Amino acid sequence: MTRTLLRGRTLSFTRRPEDVDDLAACRFEEDGGILIENGKIKAAGGFAEIVAAAPDAPVIDHRPHLIMPGFIDAHAHFVQMQVLASFGTELLDWLNRYTFPEETRFQDAQHGRRIARLFLDELIRQGTTTVAAYCSVHKSSAEALFAEAEARNMLIIAGKVMMDRNAPQALRDTPQSSYDDTEALIAEWHGRGRGLYAVTPRFAITSSPEQMEIAQALMRAHPDLHMQTHLSENHAEIAFTQELYPWARDYTDVYERYGLLGPKSLFGHCIHLSAREADALSSSRSVAVFCPTSNLFLGSGLYPYQEMRRRAHPVRTATATDVGGGTNYSMLRTMDEAYKVIALRGEKLDPLGSFWQLTRGNAEALSIADRVGTLEAGRDADLVVLDANATPAMKVRMERIATLAEELFLLQTAGDDRAVAETYVAGRAAKSALTDA
Ligand SMILES: [Zn+2]
């Protein structure tokens, strides 16, 4: 049995905070303790109380840093590390000019293994302990990511993309091969270690109706799986989808007709939905995934975060980087840009709500809140240790900061990987173990 007792200022959420003063939604300990046993949180609370119950556990003292549940990134493309920061295009051109050529390189399994390793290294550097990731069309790319996550004992959700049209020949599967490859990957990787498989039709444009039926058949055969795809990111994409599926009432209807809406269905972007589409997501408890750095970078639009939350039939929302359309691996940078997108719509996102979203909120949206996202006993010990004094500029700003909410807002507004002092994955200090840390 391995036991560790972390000491620090601990913060986790019991529910979504209503506003910046809603400290009742927080569980905060100025001198907190988290007892970790065999990769799981055994107990958390005031340090004095926890140490009294485990006096012999070795203590790692992170004071005065904040210890929180690890960040969760609900949508990223691990195969796009070498696409990030590609100049001058909107979605469909960006895919054709940069992304598709890059993804063809993943026919080389060795390349896939290298990028999978670098990708998970980068997430750990940024304090992200769980990601819902898209692989390339190649089965080997998914094998590489799952194997790399298993070696680190990381909880990931991932799938090979299914795409059989409107892409270069080298990136196309077929309905049958996408079925066979997906079934084989589910059998091999779903539930192995902490890996979870997601059926991943890239989006309606790159899947034929026959392949959409295959996705439907896979979800029928495995109703406990996640499904992830893209929806309503950009006007040209929406128009092209309507051309390809002329019978559909709207873009969402395409996925609806193939039975792909549901509580474990993750729809990237959802920026330009009609009221009917938002109602369809709401009634099926589907999740919209807000990717602010990507939406700004590609000029796609401003996701109506607060409107989705407030409507009579609210839409569940997660947040994500969408690397490589997204421009940063950091969920702190992501929430900073989320704040600005929401501000451009004339609203605000308070810092308590923001850090709830990054942790428990995204865990709930991904239906993994029974495993991660809080500091409750029994959860997996995936944690991030944050230092609000990480840079000289943050340090001088901290001199004027009096409250926890202000500190969180500084971390989000000015923080990046330098503010991540440590990342724990299943109880193991993972950031300091990186070779270049
Ligand atoms: Zn994406």
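How many of the 14 residues of α12 are buried? The count is 10 of the 14, so α12 is largely enclosed by the rest of the structure. Buried here means under 20% relative accessible area, with exposed being over 50% and partly exposed in between (1.4 Å probe, protein chains only). Before going further, a word on the model: it is predicted, so local features need pLDDT of at least 70 and side-chain atom pairs count only at pLDDT 80 or more, while totals for chains, interfaces and linings use all residues. Residues are numbered from 1 along each chain as its sequence is written, and side-chain values use heavy atoms, with hydrogens and water left out.

Back to α12, which covers residues 331-344. Helices (H or I, at least four residues) and strands (E, at least two) are DSSP runs, numbered from the N terminus. The buried set in α12 consists of M331, L332, R333, T334, M335, D336, E337, A338, V341 and I342. Its length works out as well: at 1.5 Å a residue the 14 residues should span 20 Å, and the end C-alpha atoms are 20 Å apart, which agrees. That expected span is 1.5 Å times one less than the number of residues.

Next come the helix pairs. Two packed helices are described by the angle between their axes and the distance between the axes. Axes are lines fitted to C-alpha atoms, for helices over the stretch in contact, and angles run from 0 to 180 degrees between N-to-C directions. Helix α12 packs with α15 (residues 404-414) at about 100°, the axes being 7 Å apart. That makes α12 roughly perpendicular to α15; the cut-offs are under 35 degrees for roughly parallel, over 145 for roughly antiparallel, 65 to 115 for roughly perpendicular, and oblique for the rest. On the α12 side, L332, R333, M335, D336 and Y339 meet F409, L411, Q412, T413 and A414 of α15, where contact means heavy atoms within 4.5 Å. By class, these split into six nonpolar, two polar and two charged residues. Ala, Val, Leu, Ile, Met, Phe, Trp, Tyr, Cys and Pro count as nonpolar, Asp, Glu, Lys and Arg as charged, and the others, Gly among them, as polar.

Helices α4 (residues 139-152) and α5 (residues 175-189) pack at about 15°, with axes 10 Å apart. The two are therefore roughly parallel to each other. Here K139, A142, E143, F146, A147 and E150 of α4 touch D181, A184, L185 and W189 of α5. This contact has six nonpolar, no polar and four charged residues.

K264 sits in the loop between α8 (251-257) and β11 (265-269) and is partly exposed, at 26% relative accessible area. Leaving aside neighbours within four places in sequence, K264 contacts D224, L225, H226, M227 and S367.

Finally, the backbone. Most residues other than glycine have a negative phi, and most peptide bonds are trans. The R63 to P64 bond is cis, with omega near 5°, and P64 lies in strand β4 (residues 59-69). The V323 to G324 bond is also cis, with omega near 5°; G324 is in the loop between β13 (316-319) and α12. N153, in the loop between α4 and β7 (155-159), has a positive phi near 60° and is partly exposed at 36%.
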